[in-house]
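The stops below go from the whole chain to single side chains.

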Amino acid sequence: DNKVLQLNDKTFEIFIRNEKIQEAVSSLAARLEKDYAGKEVVFIAVLNGAFMFAADLMKHFHAPCEITFVKMSSYQGMHSSGRVDEVIGLNTSVKGKHVVILEDIVDTGITMEKLFTLLSVEKPASLEIATLLFKPDAFKGTHTPTYIGFSIPNKFVVGYGLDYNELGRNTE
């Protein structure tokens with residue numbers, strides 16, 4: 001019953017079933033809603049990968065909030081390139097607001113370090129990270145995500161917004 005996905009020269013097997021992902025997203029949304037009750041919260045989703053996670057999280061987050069998107073680039077092929085270039089910047093003020101960065105996956109943490117630095121200058125009331133997937137064995141950053149859907153081994157994964165050379169994002 002294990003579905004196999006072929007993307008160019010690589011084969012991938014189901015790692016986390018969609019039902020489990022939806023349960024985790026719903027649970028994260030409930031935690032965020034409780035933690036940010038009565039606060040002015042801005043979600044900043046990191047494109048391209050976090051688009052599905054952000055959309056599903058918003059379906060379960062029922063308190064007032066803003067959402068905006070930034071695009072960073074740190075991947076080339078199957079290895080983190082170690083450098084991050086900001087492509088699309090922040091288009092909303094976060095000063096005095098509670099900011100939650102939405103990420104599909106945090107592995108080395110390089111993207112998060114760059115975003116934390118950029119956003120801290122804007123003087124938000126608080127700054128946290130919510131990620132669907134976290135790779136503790138690959139993490140080299142200083143800002144560990146507060147909200148984690150799944151901690152996973154340091155393996156390459158695709159689907160639900162994550163890609164292999166831009167393919168596979170639409171796989172559940």
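Start with the whole chain and its contacts (heavy atoms within 4.5 Å). Among contacts in the protein between residues at least 6 apart in sequence, 66% join residues at least 24 apart. This is a predicted model, in which local features need pLDDT of at least 70, side-chain atom pairs count only at pLDDT 80 or more, and totals for chains, interfaces and linings use all residues. Residues are numbered from 1 along each chain as its sequence is written, and side-chain values use heavy atoms, with hydrogens and water left out.

Colour by secondary structure next. The protein has 3 helices and 8 strands, where helices (H or I, at least four residues) and strands (E, at least two) are DSSP runs numbered from the N terminus. Their order from the N terminus is β-β-α-β-α-β-β-β-α-β-β.

Of the 172 residues, 44% are buried, that is, under 20% relative accessible area, with exposed meaning over 50% and partly exposed in between (1.4 Å probe, protein chains only).

Select residues 98–106, strand 6. Because 9 of its 9 residues are buried, strand 6 is largely enclosed by the rest of the structure. Strand 3 (residues 41–47) pairs with strand 6 in the parallel sense over 5 bridges, and F43 has V100 of strand 6 as its bridge partner. Strand 7 (residues 126–134) also runs parallel to strand 6, joined to it by 8 bridges. Here I101 stands opposite I129 of strand 7.

Which residues touch the most other members of the largest nonpolar core? Select L32, F43, L57, V100 and L102, out of 23 residues in that core. A nonpolar core is a set of buried Ala, Val, Leu, Ile, Met, Phe, Trp, Tyr and Cys residues joined through side-chain atoms within 4.5 Å. At least two residues each come from helix 1 (18–35), strand 3, helix 2 (51–60), strand 6, strand 7 and strand 8 (147–151). Helix 1 gives the most, with 6 residues. A second, separate core has 17 residues, among them V46, M72, F116 and L127.

Centre on F43, which is buried at a relative accessible area of 0%. Beyond its neighbours within four places in sequence, its contacts include L32, L57, M58, F61 and C65.

Finish with the aromatic pairs, of which the whole structure has 2. Rings of Phe, Tyr and Trp (its six-membered ring) pair if their centres lie within 6.5 Å; planes under 30 degrees apart count as stacked, over 60 as edge-to-face and the rest as tilted. The ring centres of F43 and F61 are 5.0 Å apart and their planes at 80 degrees, so this pair is edge-to-face. F61 lies in the loop between helix 2 and strand 4 (66–76), 18 residues from F43, and is buried at 5% relative accessibility. F134 and F139 are also edge-to-face, because their planes are at 65 degrees, with centres 5.3 Å apart. F134 is buried at 6% relative accessibility, and F139 is buried at 16%.

How values were computed: Pairing = 2+ DSSP bridges.
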